[in-house]
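Dear colleague,

I am handing over the structure below, and my notes on its interfaces follow it. Please read them with the coordinates open.

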There are 2 protein chains.
Amino acid sequence: MPKTAPIERVDIHLGERSYPILIGSGLLGQRSSFDAAPDATTALIVTNTTVGPLYVVPLQEALAQRFRKVHVLELPDGEAYKDWHTLNLIFDALLGHGCDRKTVLFALGGGVVGDMTGFAAASYMRGVPFVQVPTTLLAQVDSSVGGKTAINHPQGKNMIGAFYQPHLVLCDLDTLATLPRREMSAGLAEIIKYGPIHDMAFFDWIEQHIDALLQGDPAKLAHAVRRSCEIKALVVSQEEREAGLRAILNFGHTFGHAIESGLGYGEWLHGEAVGCGMVMAAQLSLRLGHVDEAFVRRLRALIERAGLPVVGPALGVERYLELMRHDKKSEDGEIRFVVIDRPGSAAVRSAPDAVVREVLAECTR
Amino acid sequence: MPKTAPIERVDIHLGERSYPILIGSGLLGQRSSFDAAPDATTALIVTNTTVGPLYVVPLQEALAQRFRKVHVLELPDGEAYKDWHTLNLIFDALLGHGCDRKTVLFALGGGVVGDMTGFAAASYMRGVPFVQVPTTLLAQVDSSVGGKTAINHPQGKNMIGAFYQPHLVLCDLDTLATLPRREMSAGLAEIIKYGPIHDMAFFDWIEQHIDALLQGDPAKLAHAVRRSCEIKALVVSQEEREAGLRAILNFGHTFGHAIESGLGYGEWLHGEAVGCGMVMAAQLSLRLGHVDEAFVRRLRALIERAGLPVVGPALGVERYLELMRHDKKSEDGEIRFVVIDRPGSAAVRSAPDAVVREVLAECTR
């Protein structure tokens with residue numbers, strides 16, 4: 001795509017912890033992109049062995065105009081490394097370079113790098129500033145808002161972490177040019193999600209532009225990322241008034257997590273499992289009488305066009321139920337689903353096992 | 001001492017994160033002490049192999065009247081275990097018992113147990129509630145207020161942690177009956193500190209009652225702990241308006257940390273190093289022209305009566321300077337001291353090396 005996008009901006013309002021999200025092309029190599037980053041003498045860029053070789057040099061050069069010292073740490077790539085041992089490499093680097101409490105951490109990479117760098121920033125000397133530079137579509141829409149950071153524990157994903165807000169998020173759309181097609185689709189799953197739960201006009205727009213999005217059109221991507229961040233920010237900010245509202249962001253995730261966990265994490269990408277999970281959750285919403293068949297067909301068609309699976313793996317109905325009962329969101333063994341009450345509006349509900357069994361029988365093979 | 005103290009209470013006002021500190025005798029075995037603890041089905045008591053055998057049974061029995069399940073985890077005792085490996089034992093226990101995000105953690109022990117349990121509570125599922133039950137005098141005055149939690153890193157103490165507030169702090173003075181005399185003195189150092197930096201009337205009171213305090217008089221201890229917590233709370237709450245004010249709590253700590261670090265941590269107790277460090281900082285204040293000799297003599301006499309050292313180890317003047325330049329509080333290599341401006345009022349200042357050398361020459365051997 002020859003086109004470049006104008007810079008879009010979303011402001012996340014959190015009182016003293018407010019910060020901007022900038023979305024555009026070529027941002028990470030420009031000094032001015034970092035105007036909102038805090039002043040300090042030292043920066044540490046945390047990246048991984050896949051993303052580092054592609055983008056660390058321009059980022060380092062841009063930051064060298066702002067910071068006297070710019071250190072780089074490359075972590076091994078992959079969810080398997082999202083553990084204490086790898087996190088500790090960040091602390092080792094910070095202490096090894098004599099970094100003080102003003103040092104700014106930059107997370108250059110996907111969700112794993114962002115989650116670990118964010119947790120390291122939250123914990124180093126009880127908190128140093130950090131900037132997210134997400135380089136996958138999923139991370140751009142998912143980790144830009146909400147302040148969730150974490151590492152995994154052998155007994156559970158994201159079990160150890162903190163809520164900690166970045167000072168700035170920079171979504172450089174150019175980094176998506178090198179993203180594998182499968183990961184592009186996985187990111188689109190989390191974008192499509194915002195239609196059924198909150199904004200069907202956005203859903204219409206995605207339907208119109210899904211091919212351009214898949215082909216990496218920067219202007220279209222800029223809009224999709226911005227609107228996703230806006231909706232997520234709205235939902236997260238209302239959480240304090242409407243307890244549990246944030247849970248609607250997990251549309252498709254109850255079924256999705258069962259798929260990921262049942263197949264073994266990494267077999268399907270998270271976004272792929274969520275894409276398929278949304279079809280199943282829509283089917284459940286239909287059977288509970290909230291939406292019609294046309295809506296389910298429409299959602300399913302878009303998810304399919306995005307390159308995502310729409311049929312779940314044949315884990316067996318009982319195995320699905322067992323996995324979902326062990327989900328973090330279940331309460332006293334009762335499975336909680338995000339159900340579409342009407343297109344554009346969602347709520348967290350339980351459902352009779354018999355109905356869930358029907359959905360599983362219909363949507364897996 | 002046959003006397004028991006009336007229950008004293010200090011309320012820490014932090015908006016949504018406000019909590020009470022209860023101070024009194026026999027608190028940890030009474031169900032009513034825990035009225036301010038959050039409701040949940042499960043509690044996990046974290047303690048160590050020294051404190052656990054003494055106090056875990058009455059605590060467990062009291063909590064069993066509030067929580068359906070009360071689990072206990074005993075950690076090895078000592079600063080050497082304040083690391084990731086031991087912290088992970090807490091996460092293992094939480095996950096092993098299937099603890100959810102409502103589970104309440106209880107820290108039963110001294111500063112190490114409190115710091116680790118607090119950080120585990122801050123990080124488990126991004127935050128679960130916790131209650132401090134400090135069983136050393138130092139922990140009762142020091143970790144009751146301020147929300148500091150942390151573990152050590154091989155390259156530095158308390159380098160990894162979080163600011164995280166407890167839901168309740170229970171200072172049971174009966175637990176001090178089994179505290180070794182040396183640790184009692186160490187705790188008194190942090191109590192004496194509040195006189196010179198903020199409240200000379202309190203200092204007068206401590207002078208009058210130092211013997212009763214050392215002998216464990218519950219009513220006197222209750223007052224000393226309450227007043228220390230009150231002053232610390234005042235200083236910490238003003239911090240947002242007067243940036244850096246909190247640093248005055250480190251009176252005696254610049255010299256003290258140099259002693260601890262120079263001798264190797266554990267050789268002197270933290271409170272012992274701080275006691276001696278306060279004499280040195282008072283001497284510095286004198287030489288800078290802020291206080292008179294009578295004040296220094298008076299402070300020195302009280303610290304001595306509290307059973308604390310008043311002369312620093314002979315590390316050598318240059319070694320002291322080197323150690324202090326590497327202190328967390330130093331800025332660009334300039335050493336920062338908490339100086340008494342006049343008795344009852346302190347500020348953070350630098351000082352000419354020549355003057356610091358004089359102080360070191362006079363106060364060490």
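How many residues of chain B are in contact with chain A? Counting two residues as in contact if their C-beta atoms, placed from the backbone, lie within 7 Å, 20 residues of chain B are in contact with 20 residues of chain A. On the chain B side, two or more residues come from each of α2 (84–96), α3 (111–123), β7 (148–153) and β8 (156–163) of chain B, where helices (H or I, at least four residues) and strands (E, at least two) are DSSP runs numbered from the N terminus. The largest share, 6 residues, is that of β8(B).

This is a predicted model, in which local features need pLDDT of at least 70 and side-chain atom pairs count only at pLDDT 80 or more, whereas totals for chains, interfaces and linings use all residues. Residues are numbered from 1 along each chain as its sequence is written, and chains are lettered from A and ligands numbered from 1 in the order in which they are written.

Within chain A, the domain assignment, which is automatic or from a database, gives domain 1 (8–178) and domain 2 (182–363), and their C-alpha centres lie 27 Å apart. The contact between them takes 22 residues from domain 1 of chain A and 23 residues from domain 2 of chain A. On the domain 1 side, β1 (8–12), β2 (19–24) and α4 (137–142) of chain A each supply at least two residues, with the largest share, 5 residues, coming from α4(A).

With regards
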